Amino acid sequence: MADAEMPLTAHLEELRWRIVKTLLAITIGFLIAYLYADTLFAILIRPITLAAGDSTVKLIGTGVTEAFFTKLKVAFIAGIFLAAPAILYQAWQFVAPGLYDEEKLYVFPFVFFGTFFFVAGAWFCYAFVFQVGYAFFLEQYADIGIEPTLRISEYLSFSARMLLAFGVTFELPVIAYFLSRIGMIDHQTLIRPWRYAVLIIFVVAAVLTPGPDVASQMLLVAPLIVLYGASIVIAYFVSTRRPAAATGEDAADDDSTTE
C-alpha cells in the first residue's frame, strides 16, 4: 500500500487531473475519427441496410445542421473507443496509490483486457444484436404497410447507446478482477446470489433486446452468463491468492521490526 495516506484535497486534485487527461484523450480520438466520419457513418448504417434486405429504408435529415452534428456524434462515439486504453489507464492510475506494489504491475494487462472486452462487447452488438433488432423493428413497419423513413439523429442515438451499453456490460470480468484485487468481493460474493443474478440477466436481456422471441433474448443472455461465470472464476483465483500475498508482506514487516 502507499506509505502515506493522501488528504481529501489531494485525492480531488488527482481526480481532476485524471479527468482532464481522459477528456484530452477523447478529444484526440475525436479529431482522428472526424477525418473518417463519412466512412464510420457508412459502417453504422450497414446493419439496418442488411436487415432491410430487399425492402427500402430511408434515412433522412430534418434540419439544416443535422448532417454536420451527426458527423460530430459519430466522431465522438469513435473517439471514446479510440481513447479506451487511455481512459482505463487513467482509471487505474487513480486507484493505484491504494494498491500493493505487485498489484500496480497489472496496469498493462488491465488496460489490454479492459479495452479488449469493451471493443468485443460493441462488436457483438454490431454483428449480432443489430441484425436481430433492426430486422424486428422493420418487420413491424411491414406489418402495418408503412415504408420506414428514419431520422439519422434518432438512428445514431439508438445505435450509440446500444454499442456503449454492450461495451460496458462486457467489462464485467475486468470489474470482477479489480474488485477482487482490492478485497471488496470474492468468488463467494458472486456465487451466493447466482439465482438472482441469472434472473437479472434475463430481465436485462428482455429489456435490451427488441425482439419478443426467446432466440433474440438469448443473444444477450448467453454471453452475459458466460461473462458472469468467468467473473466468478477470476474472483476465485484473485481472492485465493491475495491472502497469501498479504500474509507474506505482513511477515516481511514483522521481520524488519524484529531487526
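In H6, Phe117, Phe118, Gly121, Ala122, Phe124, Cys125, Tyr126, Val129, Phe130, Tyr134 and Phe137 meet Tyr155, Phe158, Ser159, Met162, Leu163, Leu164, Phe166, Gly167 and Val168 of H7, contact meaning heavy atoms within 4.5 Å. By class, this contact has 17 nonpolar, three polar and no charged residues; Ala, Val, Leu, Ile, Met, Phe, Trp, Tyr, Cys and Pro count as nonpolar, Asp, Glu, Lys and Arg as charged, and the others, Gly among them, as polar.

The model is predicted: local features need pLDDT of at least 70 and side-chain atom pairs pLDDT 80 or more, while totals for chains, interfaces and linings use all residues. Residues are numbered from 1 along each chain as its sequence is written, and side-chain values use heavy atoms, without hydrogens and water.

Helix H6 spans residues 107–143 and helix H7 residues 152–169; they pack at about 135°, with axes 7 Å apart.

The largest nonpolar core has 40 residues, and Cys125, Phe130, Leu163 and Phe166 have the most contacts inside it. Such a core is a set of buried Ala, Val, Leu, Ile, Met, Phe, Trp, Tyr and Cys residues joined through side-chain atoms within 4.5 Å, buried being under 20% relative accessible area (1.4 Å probe, protein chains only). H6 gives the most to this core, nine residues. Leaving aside neighbours within four places in sequence, Cys125 is in contact with Phe130, Met162, Leu163 and Phe166. Another core, of eight residues, lies apart from the largest one and includes Leu88, Trp92, Val107 and Phe178.

Terms used. Axes are lines fitted to C-alpha atoms, for helices over the stretch in contact, and angles run from 0 to 180 degrees between N-to-C directions. Helices (H or I, at least four residues) and strands (E, at least two) are DSSP runs, numbered from the N terminus. Buried means under 20% relative accessible area, exposed over 50%, partly exposed in between (1.4 Å probe, protein chains only).
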